[in-house]
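Notebook open, model loaded. I want to look at one helix and its packing, then at the annotated active site.

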Amino acid sequence: MSFMTTRQFPTSRLRRMRRDDFSRRLMREHTLTAADLIWPVFVLEGEGQREAVPSMPGVERLSLDLLIEEAREAFTLGIPAIALFPVVGTELKSELAEEAYNASGLVQRSVRALKEAIPGLGIITDVALDPYTSHGQDGILDAVGYVHNDRTVETLLKQALSHAEAGADVVAPSDMMDGRIGSIRHVLEQEQLVNTRIMAYSAKYASRYYGPFRDAVGSAGNLGKADKTTYQMDPGNGDEALHEVALDLAEGADMVMIKPGMPYLDVVRRVKDELRVPTFAYQVSGEYAMHMAAFENGWLEADAVILESLLCFKRAGADGVLTYFAKRAARLLATP
Ligand SMILES: NCc1[nH]cc(CCC(=O)O)c1CC(=O)O
Ligand SMILES: [Mg+2]
């Protein structure tokens, strides 16, 4: 970086290029567009159902009929894909999460209906058992309450296959079991579902920023005081994220994800630099809640901060961002 030391004031005045809008725009290295956004949504049973999520102001759980209308709007705004999360009734939760792979379960039905209504909108499904387990963990427990890796993977396979068969464009395993990407890829190939993409939640940290999401899907109560530290990553680790991402790519992931987002942008940058593959990040529920709390108090300027926060993901190397602000941001980007 020798040019840094040879350039001197006043020959070099960095403020020259910042002087006017035209030169600021010319030299801008990264931009945010609607095509960078993935919108996570919560789907409910029933019709005409709309429920607020108290810890995520502005986010609603929607029944399928209403979700289709909202999703159509997202598509019109240029958002490429939505990520679907189900709100599962207590009566359908169990120790072994059998409902996860019910061919006519809520997710599977929603995928079919969404693909039929809006064929061009990418549908990403969450492959993980937490909405379906009575204990709220992402897997099957052994006798001492430890999440059993290989037994969980067997169930995830059935779940992923049921999503792909329903027409999901992308299955997104968010469970952090070892080896699940390879197993899912294998089953998809076997079943001739060769174009179903896998977005791997490769570096998913055991984060407390997921709290509001667990309220939204109603797994918080089931999980109680337990945590997910025996399978999700330790927030103190960076190198391990590269290891996780490399393994998922070797096993057949098409896209990788880092989660949470803003406190982990260093990990996004390292992954992008090291692997140079389609890399995504998730601005999670806790990040959304923090922003909304500040907006509602008048402490931060909503529109500008939303766009800034999302642009920073791009600068960090993300090709796209899962964000609850997707529609709001896309609307802002559509109005010059
Ligand atoms: N498989 C569960 C899952 N999928 C997405 C999120 C979090 C998303 C968010 O906080 O917005 C979680 C929560 C968890 O791991 O407990
Ligand atoms: Mg892994």
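I started with helix 14 (residues 326-334): its buried residues pack against strand 1 (37-44), helix 4 (64-76), helix 13 (302-315) and strand 12 (320-323). Helices (H or I, at least four residues) and strands (E, at least two) are DSSP runs, numbered from the N terminus. I take contact as C-beta atoms, placed from the backbone, within 7 Å.

This is a predicted model, where local features need pLDDT of at least 70 and side-chain atom pairs count only at pLDDT 80 or more, while totals for chains, interfaces and linings use all residues. Residues are numbered from 1 along each chain as its sequence is written, and chains are lettered from A and ligands numbered from 1 in the order in which they are written.

Which residues of helix 14 are buried? I get Ala-326, Lys-327, Ala-329 and Ala-330. Buried means 20 or more other C-beta atoms within 10 Å of a residue's own, with C-beta atoms placed from the backbone.

Next, the active site: an unreviewed UniProt entry puts it at Lys-204 and Lys-259. UniProt positions use the numbering here, feature names are shortened, and annotations may be inferred rather than shown by experiment.

I found Lys-204 in strand 9 (residues 197-204) and Lys-259 in strand 10 (residues 255-259). Lys-204 is buried, with 27 other C-beta atoms within 10 Å; Lys-259 is buried too, with 25.

Terms used: Buried ≥ 20, exposed ≤ 12 C-beta atoms within 10 Å, placed from the backbone. Contact = placed C-beta atoms within 7 Å.
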